[in-house]
Amino acid sequence: MSGGGKLSVVGLGPGNGALMAPAVRAALDAAEEVIGYIPYVEMAGPFRADQRLHASDNRVEMDRARLAFTLAAEGRRVVVVSSGDPGIFAMATAVIEALHQGDQPGWAAVDLEILPGITAAQAAAARVGAPLGHDFCVMSLSDNLKPWEIVERRLELAASADLVLAFYNPISKARPWQLGRAFEILRRHLPATTPVVLGRDIGRPGERVIVTTLGEVHPEQVDMRTVVIIGSSQTRSFPRADGRSWVYTPRWYGNGQI
């Protein structure tokens with residue numbers, strides 16, 4: 001088979017099939033080739049025996065993107081999978097970058113689509129209410145692809161702007177101190193009572209949600225599979241009937257209405 005095929009870059013959502021977009025499931029069912037990070041390929045099943053799976057390590061994003069275009073340019077129906085949303089710290093960027101940088105014949109003829117998914121911050125926020133109900137900022141605390149000085153500057157600016165913050169890639173064995181430093185920066189701008197939401201594996205069997213405060217949260221409560229939501233000065237928390245907590249950020253700010 002030759003000629004332009006189809007390449008779909010899809011977001012699986014938080015890991016629960018009920019929260020996967022129907023268009024994503026349809027693309028997976030139609031795929032001949034499925035490409036992605038090993039756990040995400042496993043999450044994307046079930047698969048048919050005739051579908052080829054190309055599962056790889058987490059640090060070969062550009063290799064995956066080039067393979068996807070190569071197969072699609074041969075006329076194959078290809079799906080690249082990401083957890084959450086593919087355009088938020090995930091594979092859509094690598095695929096678009098590969099297309100931009102590549103000069104291989106046939107890549108431009110590929111029918112490329114990006115199918116969104118529910119991302120980790122949205123899933124965790126929904127579990128506790130509406131902490132992202134007003135302006136918010138999404139940041140990766142990883143300094144693998146950007147200097148830590150840039151991360152600190154953005155933290156200072158976002159905190160001083162009183163934005164709700166959602167942290168992705170908050171901590172790892174290779175980056176054990178950065179989250180603690182981020183908390184230190186935020187504590188200079190926000191009261192200790194500021195609500196904090198820790199959402200781990202939302203929608204999966206090991207799901208865990210903790211509502212705490214900026215004064216009480218500590219890095220040992222967090223791992224790479226946790227999204228951290230830090231409220232603004234306007235974010236509120238109050239008890240639920242089941243003993244847990246609701247958290248929300250009002251749509252208005254100060255005396256204003258939106």
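What is the handedness of the crossing of α6 and α7?

Analyst: The crossing of α6 and α7 is right-handed. Keep in mind that this is a predicted model, so everything here is read from computed coordinates.

Let's stay with that helix pair for a bit. Helix α6 covers residues 148-160 and helix α7 covers residues 178-187; their axes come within 9 Å and cross at roughly 30°. With angles under 35 degrees counting as roughly parallel, α6 and α7 are therefore roughly parallel to each other. On the α6 side, the contact is made by Trp-148, Glu-152, Leu-155, Glu-156 and Ala-159. Facing them from α7 are Gln-178, Arg-181, Ala-182, Ile-185 and Leu-186. Sort the contact of α6 with α7 by class and you get six nonpolar, one polar and three charged residues.

Now follow α6 onto the strands. Helix α6 lies across β7 and β8, running at about 165° to β7. Those two strands belong to an open sheet of five, ordered β7-β8-β11-β9-β10, with mixed pairing. The edges are held by β7 (136-140) and β10 (208-213); each has a single partner strand, so one side of each is left without a neighbour in the sheet. From one strand to the next, the twist averages 15°.

Inside that sheet, β9 and β11 (residues 226-230) run antiparallel and are joined by five bridges.

Thr-194 lies in the loop between α7 and β9 (195-200), and at 2% relative accessibility it counts as buried. Leaving aside neighbours within four places in sequence, Thr-194 is in contact with Thr-212, Thr-213, Leu-214, Ile-230, Gly-231 and Ser-232.

Asn-169 sits in the loop between β8 (164-168) and α7, and its phi is positive, about 45°, although it is not a glycine. Most residues other than glycine have a negative phi, and most peptide bonds are trans. At 25% relative accessibility, Asn-169 counts as partly exposed.

You'll find Phe-89 in the loop between β4 (77-82) and α4, and at 47% relative accessibility it counts as partly exposed. Pro-46 lies in the loop between α2 (38-43) and β3 (52-56).

Back to helix packing, this time with α4 and α3. The axes of α3 (residues 61-73) and α4 come within 9 Å and cross at roughly 65°, and that crossing is right-handed. From α3, the contact is made by Glu-61, Met-62, Arg-64, Ala-65, Arg-66 and Phe-69. From α4, the residues are Met-91, Ala-94, Val-95, Glu-97, Ala-98, Leu-99 and Gln-101. By class, the contact of α3 with α4 has eight nonpolar, one polar and four charged residues.

Zoom in on Ala-94 there, which is found in helix α4 (residues 91-101). At 8% relative accessibility, Ala-94 counts as buried. Not counting residues up to four places away in sequence, Ala-94 touches Glu-61, Met-62 and Ala-65. Ala-94 and Ala-65 are 29 residues apart in sequence, yet 6.2 Å apart in space, C-alpha to C-alpha.

One more stop: a three-stranded open sheet with the order β6-β13-β12 and mixed pairing. Here β6 (129-130) and β12 (236-239) stand at the edges with a single partner strand each, so one side of each is left without a neighbour in the sheet. Four bridges join β12 to β13 (residues 245-248), and these two run antiparallel. To see one of these pairings, look at Pro-239, whose bridge partner in β13 is Ser-245.

Notes
Residues are numbered from 1 along each chain as its sequence is written. This is a predicted model: local features need pLDDT of at least 70, side-chain atom pairs count only at pLDDT 80 or more; totals for chains, interfaces and linings use all residues. Side-chain values use heavy atoms; hydrogens and water are left out. Axes are lines fitted to C-alpha atoms, for helices over the stretch in contact, and angles run from 0 to 180 degrees between N-to-C directions. Angles under 35 degrees count as roughly parallel, over 145 as roughly antiparallel, 65 to 115 as roughly perpendicular and the rest as oblique. A crossing is left-handed if the near helix is turned anticlockwise from the far one by less than a right angle, and right-handed if clockwise. Contact means heavy atoms within 4.5 Å. Ala, Val, Leu, Ile, Met, Phe, Trp, Tyr, Cys and Pro count as nonpolar, Asp, Glu, Lys and Arg as charged, and the others, Gly among them, as polar. Buried means under 20% relative accessible area, exposed over 50%, partly exposed in between (1.4 Å probe, protein chains only). Two strands pair if DSSP finds at least two bridges between them.
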